[in-house]
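Today I went looking for pockets, with the model open beside my notebook. Here is what I jotted down.

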Amino acid sequence: MCSNHVHGYYGKEAIIDCCFQSDYGVYLYVETDEETFTRLENGVKSGRGYDSHEYDVLQNGSLVIKNVHEQEYKVISLDSELRNQIFRVTFSVVENSCPSQVSGLHGEEGTISCYFRPNFQTIIWFDETSTRDPLIRLEHSTKSGRGYDSGKYDVLQNGSLVINTIEFINEQQYTTVAVIFGSMNITEFSIVFFVIVFTENQCASLQHGYLGKEGIISCNIDPDIDKVYWFIGTDDHPFIRMESGDVIGSGYKSNEYDILQNGSLVIRNVQYKHQQSYKVTFQIEYEVNLRVEFSVIGPTTSNSGSTLPSEVTSIYNLPK
């Protein structure tokens, strides 16, 4: 089987998840092309897509797209008896998007990750203190602004905002404005940033991950604890567990999950099915049960037009 609709972020690597146990071959096509561009036969990879390093294929038949772009794909699996299965996958690109809510750990570095087309002209970030004086600005790869000058903030070349050391003052609403080159339209996003604090042997009760990315349900469990068990919902059987530093269980065997040494749960490729209530159990002087609600942040619809005051667009040379 293969996922029938997959999202990827512009300019990033993405995976179309498949799970074949075919002992003969998997063949991948662009829907509009009759020629196989990537194939896997008896464990050997080939094809123009593979040779050009634009694509790769995993041993379970999943397609790796090195630099995403919108496309429809056809996947054919052929077994040793020449029986085939055909799957069609629509792949769409997420661009010019920011999450509406983000959290970060107190005292750690935090990032509000956004995805903009690389042809943007200017990215401007504001915090709640001023809608006239930008917190930080990225224009033609040049950074400026009071947040950047203070060393407390940075901005990545893809437009994402970095909080170098998260403090309680960072728990506020941020606004980012992207000026897209060519069409010269303004795209505006408002993001609420939450600060999470937890001590040893705790997990934050509300956490999230980004669709199609690796996600971590962060915990801070004493590494000397011998056994850590993770459950989904009200299930009585752990899908993954760590015993004496070794990770085992069906979730680990399927390569869908992992556990870090501090007890945190790793979701290798976040999908909507992972939006669940999780329980983690471990033993100190008594049994501890912690519950975490995990939400998935997917593609968002941007706010068209700018709601910033007209004098702001004038001062910073933005189109009205």
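**Ground rules.** I am working with a predicted model, where local features need pLDDT of at least 70, side-chain atom pairs count only at pLDDT 80 or more, and totals for chains, interfaces and linings use all residues. Residues are numbered from 1 along each chain as its sequence is written, and side-chain values use heavy atoms, with hydrogens and water left out.

**Terms.** I take a pocket as an open set of points on a 1 Å grid over the protein atoms alone, where a 1.4 Å probe fits, with protein on both sides within 12 Å along at least five of seven lines; lining residues have an atom within 4 Å of a point. Grid points are joined across faces, edges and corners, and a volume is the space filled by probe spheres set on the points.

**Largest pocket.** I noted a volume of about 870 Å³. Its lining counts 28 residues, with Ile-15, Asp-17, Cys-18, Asn-60 and Asn-269 the closest to the centre. Where does this pocket lie? Domain 1 (5–94) and domain 3 (202–297) both contribute lining residues, so the pocket lies between them (the bounds come from an automatic or database domain assignment).

**Second largest pocket.** I read about 720 Å³ of space here. Of its 29 lining residues, Ser-103, Gln-207, His-208, Ile-216 and Ser-218 are the closest to the centre. Domain 2 (101–196) and domain 3 (202–297) both supply lining residues, so I place this pocket between those two.
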